Amino acid sequence: MGDLGRGIIDWNSDGKILTAEQKRFYQQNGYLVIRNCVSEADIDRYYDRFKYIVHADKSEFPYVSVMRDITLSNTQVVKDVNQVTKIQTWQDDEVLFDYCKTPLIVDILKDLIGTPQSNLVAMHTVLINKPLDTGAMSSRHPMHQDLQYFPFRPADFICTAWTAMQTANNKAYHGIRDFDPSTPRVHVEMEKGDTVFFHPLIHHGSGANKTDGFRRAISCHYANDDLCYYSDERNETQDSVDKDLMEIFERKLKNLGIELDMEDLDYSITFKIRSRPVNGTKSNL
């Protein structure tokens with residue numbers, strides 16, 4: 001992955017936060033772990049907000065997607081955090097969006113995908129509440145690349161920040177750009193407040209939660225708005241993903257009482273309406 005940055009990032013000089021050695025590690029491996037990146041007080045505040053959103057009336061947070069464990073699909077829907085596996089698209093909630101604006105995270109991202117003057121945009125937001133696996137392996141997150149879900153490029157100026165919300169045997173598997181199933185996986189142990197930054201072409205995932213409790217994490221996918229743009233550079237697999245997600249998006253709009261002619265829209269609209277500037281302004285995304 002030595003060509004990351006395409007001549008824009010100086011990998012041999014210290015950044016505002018990262019040393020040249022840390023920057024080169026990301027350049028070569030596609031990920032970087034920073035310990036104690038987010039304070040315990042902030043993480044507790046985000047978890048309290050998560051619980052509030054789960055228990056609140058849908059009308060209070062119409063833009064937030066609350067996802068339940070698929071093994072509970074035949075059970076009565078109750079407002080119970082133990083049934084919710086994640087909440088997404090919470091970029092308009094000011095409490096949770098504080099995570100995306102964490103100064104240390106923003107400065108590290110500028111070292112990895114931009115310059116101190118770069119305008120960063122939050123493209124997708126997730127808070128994960130992975131339950132103890134019931135035996136159906138429903139808590140497993142298969143290996144994947146985030147870029148498969150993104151209609152914007154270039155990949156080298158997109159980065160995810162993923163922060164563990166509790167101290168646990170919480171592993172993520174970060175592989176190489178050209179994934180070979182026989183290649184040994186890197187197990188990244190995460191303590192509460194630790195944050196891993198990773199490139200959208202890194203193959204990553206997590207195994208079933210076999211611990212005694214939940215695995216929780218908060219995450220945001222960022223893009224450098226000065227250099228990124230929406231693209232129709234897709235493949236057959238991505239076209240299938242686009243179709244499925246557009247159907248979900250259409251149902252979401254209908255639930256909000258919004259009717260749009262989906263024939264005239266493409267998948268990028270789902271990001272255009274939810275992407276939010278983290279600092280500066282948004283012009284391309």
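The structure holds 10 salt bridges, a salt bridge being a side-chain nitrogen of Lys or Arg within 4 Å of a carboxyl oxygen of Asp or Glu. Side chains of opposite charge can pair when their charged atoms come close. This is a predicted model, in which local features need pLDDT of at least 70 and side-chain atom pairs count only at pLDDT 80 or more, while totals for chains, interfaces and linings use all residues. Residues are numbered from 1 along each chain as its sequence is written, and side-chain values use heavy atoms, with hydrogens and water left out.

| Salt bridge | N to O distance |
|---|---|
| Asp98 and Arg45 | 3.2 Å |
| Asp48 and Lys51 | 3.5 Å |
| Arg276 and Glu94 | 3.0 Å |

Asp98 lies in helix 3 (residues 94-100) and Arg45 in helix 2 (residues 40-55), so this pair ties together parts that are 53 residues apart in sequence. Helices (H or I, at least four residues) and strands (E, at least two) are DSSP runs, numbered from the N terminus. Asp98 and Arg45 also belong to a network of salt bridges that includes Asp42 and Lys101.

Asp48 and Lys51 both lie in helix 2, three residues apart, about one turn of the helix. Asp48 is partly exposed at 44% relative accessible area, where buried means under 20%, exposed over 50% and partly exposed in between (1.4 Å probe, protein chains only). Lys51, at 30% relative accessibility, is also partly exposed.

Helix 4 (residues 103-113) is mostly covered, with nine of its 11 residues buried. Among them are Ile105, Asp107 and Lys110.
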